[in-house]
Amino acid sequence: MIVEKPGKKIAYFHASKFGNGEKVAEEFQRLMADRGVEVEVRHIAHARAKDMPYADLYLFSAPGRMGKPRGKMRRFLRRANLPAGTRCAVLTTEGAPRPDPKTGKMPDPAAAEKWQRVIPVMLKILEAKGLKCVAEGKVLVTGMKGPLEEEWERKVAAYVDKLAPQV
Ligand SMILES: Cc1cc2nc3c(=O)[nH]c(=O)nc-3n(C[C@H](O)[C@H](O)[C@H](O)COP(=O)(O)O)c2cc1C
(Lines give C-alpha, C1' and ligand atoms only; values in the text may rest on other atoms or scores of the structure.)
Protein backbone atom coordinates (compact mmCIF):
# COMPACT_ATOMS: atom_id res chain seq x y z
CA MET A 1 0.00 0.00 0.00
CA ILE A 2 1.30 3.45 -0.87
CA VAL A 3 1.02 5.84 2.03
CA GLU A 4 1.25 9.42 0.89
CA LYS A 5 3.43 11.61 3.04
CA PRO A 6 1.21 14.42 4.25
CA GLY A 7 2.29 17.88 3.13
CA LYS A 8 3.37 20.61 5.50
CA LYS A 9 0.96 23.29 6.60
CA ILE A 10 1.31 26.87 7.79
CA ALA A 11 -1.53 28.69 9.51
CA TYR A 12 -1.14 32.37 8.60
CA PHE A 13 -3.01 34.93 10.71
CA HIS A 14 -2.94 38.57 9.71
CA ALA A 15 -4.50 41.81 10.91
CA SER A 16 -4.39 43.84 7.69
CA LYS A 17 -6.58 46.94 7.65
CA PHE A 18 -5.79 48.61 4.33
CA GLY A 19 -5.04 45.48 2.30
CA ASN A 20 -1.23 45.63 2.09
CA GLY A 21 -0.71 42.83 4.59
CA GLU A 22 -3.34 40.81 2.78
CA LYS A 23 -1.39 41.15 -0.49
CA VAL A 24 1.77 40.00 1.31
CA ALA A 25 -0.16 37.00 2.66
CA GLU A 26 -1.38 36.06 -0.83
CA GLU A 27 2.14 36.27 -2.29
CA PHE A 28 3.52 34.22 0.60
CA GLN A 29 0.80 31.62 0.05
CA ARG A 30 1.55 31.44 -3.68
CA LEU A 31 5.31 31.03 -3.19
CA MET A 32 4.90 28.43 -0.46
CA ALA A 33 2.49 26.45 -2.67
CA ASP A 34 5.31 26.23 -5.25
CA ARG A 35 7.30 24.46 -2.54
CA GLY A 36 4.50 22.11 -1.63
CA VAL A 37 3.63 23.90 1.60
CA GLU A 38 -0.05 24.61 2.16
CA VAL A 39 -0.77 28.01 3.70
CA GLU A 40 -4.15 28.68 5.28
CA VAL A 41 -4.55 32.47 5.42
CA ARG A 42 -7.03 34.01 7.83
CA HIS A 43 -7.72 37.51 9.02
CA ILE A 44 -7.80 37.49 12.81
CA ALA A 45 -11.31 39.00 12.64
CA HIS A 46 -12.42 35.63 11.22
CA ALA A 47 -10.40 33.43 13.57
CA ARG A 48 -10.80 32.29 17.15
CA ALA A 49 -7.64 32.51 19.22
CA LYS A 50 -8.94 29.85 21.58
CA ASP A 51 -9.59 27.47 18.69
CA MET A 52 -6.41 27.31 16.63
CA PRO A 53 -6.23 24.93 13.65
CA TYR A 54 -3.53 22.28 13.41
CA ALA A 55 -0.40 23.48 11.58
CA ASP A 56 3.33 22.73 11.46
CA LEU A 57 4.05 26.43 11.92
CA TYR A 58 2.01 29.51 12.81
CA LEU A 59 2.72 32.81 11.10
CA PHE A 60 1.52 36.08 12.60
CA SER A 61 1.47 39.23 10.49
CA ALA A 62 0.54 42.66 11.80
CA PRO A 63 0.70 46.25 10.58
CA GLY A 64 2.48 48.82 12.74
CA ARG A 65 0.46 51.24 14.90
CA MET A 66 2.17 53.88 17.01
CA GLY A 67 5.35 51.86 17.17
CA LYS A 68 3.59 48.61 18.10
CA PRO A 69 1.68 45.87 16.30
CA ARG A 70 -2.01 46.65 15.84
CA GLY A 71 -3.81 46.22 19.20
CA LYS A 72 -6.15 43.52 17.85
CA MET A 73 -3.13 41.41 16.94
CA ARG A 74 -1.56 41.92 20.38
CA ARG A 75 -4.76 40.62 21.96
CA PHE A 76 -4.98 37.72 19.52
CA LEU A 77 -1.41 36.67 20.29
CA ARG A 78 -1.99 36.82 24.05
CA ARG A 79 -5.09 34.67 23.72
CA ALA A 80 -3.75 32.23 21.11
CA ASN A 81 -4.26 28.76 22.45
CA LEU A 82 -0.97 27.15 21.44
CA PRO A 83 1.25 24.98 23.62
CA ALA A 84 4.74 26.03 24.64
CA GLY A 85 7.29 24.85 22.10
CA THR A 86 5.01 25.54 19.11
CA ARG A 87 6.97 26.99 16.20
CA CYS A 88 5.96 30.35 14.81
CA ALA A 89 7.17 33.24 12.65
CA VAL A 90 6.34 36.92 12.36
CA LEU A 91 6.06 39.14 9.29
CA THR A 92 5.02 42.77 9.71
CA THR A 93 4.08 45.63 7.40
CA GLU A 94 5.66 48.85 8.60
CA GLY A 95 5.98 52.42 7.39
CA ALA A 96 9.17 53.14 5.45
CA PRO A 97 11.36 55.74 7.18
CA ARG A 98 10.57 59.18 5.78
CA PRO A 99 12.47 62.47 5.96
CA ASP A 100 11.44 64.97 8.62
CA PRO A 101 9.11 67.44 6.82
CA LYS A 102 10.83 70.39 8.56
CA THR A 103 14.49 69.46 8.32
CA GLY A 104 14.41 67.05 5.39
CA LYS A 105 16.65 64.71 7.39
CA MET A 106 16.05 60.98 7.59
CA PRO A 107 15.37 59.69 11.13
CA ASP A 108 18.34 58.36 13.05
CA PRO A 109 18.05 54.53 12.82
CA ALA A 110 19.02 54.04 16.48
CA ALA A 111 16.34 56.49 17.67
CA ALA A 112 13.76 54.96 15.31
CA GLU A 113 14.52 51.51 16.67
CA LYS A 114 13.68 52.64 20.20
CA TRP A 115 10.29 53.86 19.12
CA GLN A 116 9.46 51.36 16.39
CA ARG A 117 8.89 48.13 18.33
CA VAL A 118 6.45 46.22 16.10
CA ILE A 119 8.47 43.00 15.81
CA PRO A 120 9.97 43.12 19.34
CA VAL A 121 6.49 43.48 20.91
CA MET A 122 5.18 40.49 18.93
CA LEU A 123 8.20 38.39 19.86
CA LYS A 124 7.87 39.32 23.52
CA ILE A 125 4.25 38.14 23.68
CA LEU A 126 5.03 34.91 21.80
CA GLU A 127 8.14 34.13 23.82
CA ALA A 128 6.25 34.74 27.09
CA LYS A 129 3.94 31.90 26.01
CA GLY A 130 6.90 29.65 25.32
CA LEU A 131 6.48 29.73 21.55
CA LYS A 132 9.61 29.35 19.44
CA CYS A 133 9.99 32.01 16.74
CA VAL A 134 12.04 30.74 13.80
CA ALA A 135 11.86 33.78 11.48
CA GLU A 136 11.01 37.43 11.56
CA GLY A 137 10.69 39.89 8.72
CA LYS A 138 9.07 43.11 7.57
CA VAL A 139 7.76 44.54 4.35
CA LEU A 140 7.54 48.32 4.12
CA VAL A 141 4.75 50.58 2.92
CA THR A 142 5.63 53.98 1.49
CA GLY A 143 2.58 55.88 2.83
CA MET A 144 0.51 55.52 6.01
CA LYS A 145 -2.00 53.27 4.22
CA GLY A 146 0.30 51.88 1.52
CA PRO A 147 1.22 51.11 -1.15
CA LEU A 148 3.81 48.44 -0.55
CA GLU A 149 7.40 49.37 -1.30
CA GLU A 150 8.86 48.67 -4.73
CA GLU A 151 10.10 45.12 -5.13
CA TRP A 152 8.11 43.98 -2.10
CA GLU A 153 7.62 40.64 -3.85
CA ARG A 154 11.38 40.09 -3.63
CA LYS A 155 11.29 40.64 0.12
CA VAL A 156 8.49 38.11 0.48
CA ALA A 157 10.43 35.67 -1.70
CA ALA A 158 13.55 36.07 0.46
CA TYR A 159 11.45 35.47 3.57
CA VAL A 160 9.93 32.35 2.01
CA ASP A 161 13.44 31.12 1.13
CA LYS A 162 14.46 31.52 4.76
CA LEU A 163 11.35 29.99 6.26
CA ALA A 164 10.49 27.12 3.90
CA PRO A 165 13.30 24.79 5.05
CA GLN A 166 12.16 25.22 8.64
CA VAL A 167 8.51 24.24 8.20
C1 LIG B 1 -2.94 55.50 12.65
C2 LIG B 1 -1.76 54.83 12.02
C3 LIG B 1 -0.61 54.66 12.75
C4 LIG B 1 0.49 54.01 12.18
N5 LIG B 1 1.60 53.83 12.94
C6 LIG B 1 2.64 53.16 12.41
C7 LIG B 1 3.79 52.88 13.19
O8 LIG B 1 3.90 53.26 14.35
N9 LIG B 1 4.78 52.20 12.63
C10 LIG B 1 4.71 51.77 11.34
O11 LIG B 1 5.66 51.14 10.88
N12 LIG B 1 3.65 52.01 10.58
C13 LIG B 1 2.60 52.68 11.08
N14 LIG B 1 1.51 52.93 10.31
C15 LIG B 1 1.50 52.48 8.92
C16 LIG B 1 1.14 51.03 8.85
O17 LIG B 1 2.34 50.29 8.91
C18 LIG B 1 0.39 50.72 7.57
O19 LIG B 1 -0.86 51.35 7.60
C20 LIG B 1 0.19 49.24 7.42
O21 LIG B 1 1.40 48.59 7.33
C22 LIG B 1 -0.64 48.91 6.25
O23 LIG B 1 -0.95 47.55 6.33
P24 LIG B 1 -2.40 47.03 5.97
O25 LIG B 1 -2.72 47.59 4.62
O26 LIG B 1 -2.24 45.56 5.92
O27 LIG B 1 -3.35 47.47 7.02
C28 LIG B 1 0.41 53.56 10.85
C29 LIG B 1 -0.77 53.74 10.11
C30 LIG B 1 -1.86 54.36 10.68
C31 LIG B 1 -3.12 54.53 9.86
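In the predicted model described here, a polar side-chain atom of Thr93 is placed 2.8 Å from an oxygen atom of the ligand, a polar contact being a pair of N or O atoms within 3.5 Å. The protein buries 89% of the 620 Å² that the ligand exposes when taken alone, with accessible areas computed by the Shrake-Rupley method with a 1.4 Å probe.

The shell around the ligand holds 18 residues, of which Ser16, Asn20, Gly67, Gln116 and Met144 come nearest; a residue counts as near if one of its heavy atoms lies within 4 Å. By class, this shell comprises 6 nonpolar, 9 polar and 3 charged residues, with Gly counted among the polar ones. At least two shell residues come from each of α1 (20-34), β4 (64-65) and β6 (87-95), and β6 gives the most, with 3 residues.

The protein chain contains 5 helices and 7 strands, assigned as DSSP runs of at least four residues (H or I) and at least two residues (E), respectively. Its C-alpha atoms fill a box of roughly 70 × 30 × 25 Å along the principal axes.

Residues are numbered from 1 along each chain as its sequence is written, and side-chain values use heavy atoms, with hydrogens and water left out. Local features need pLDDT of at least 70 and side-chain atom pairs count only at pLDDT 80 or more, whereas totals for chains, interfaces and linings use all residues.

Methods:
A polar contact is a pair of N or O atoms within 3.5 Å; within protein, one must be able to donate a hydrogen and the other to accept it, and residues adjacent in sequence count only if both atoms are side-chain atoms.
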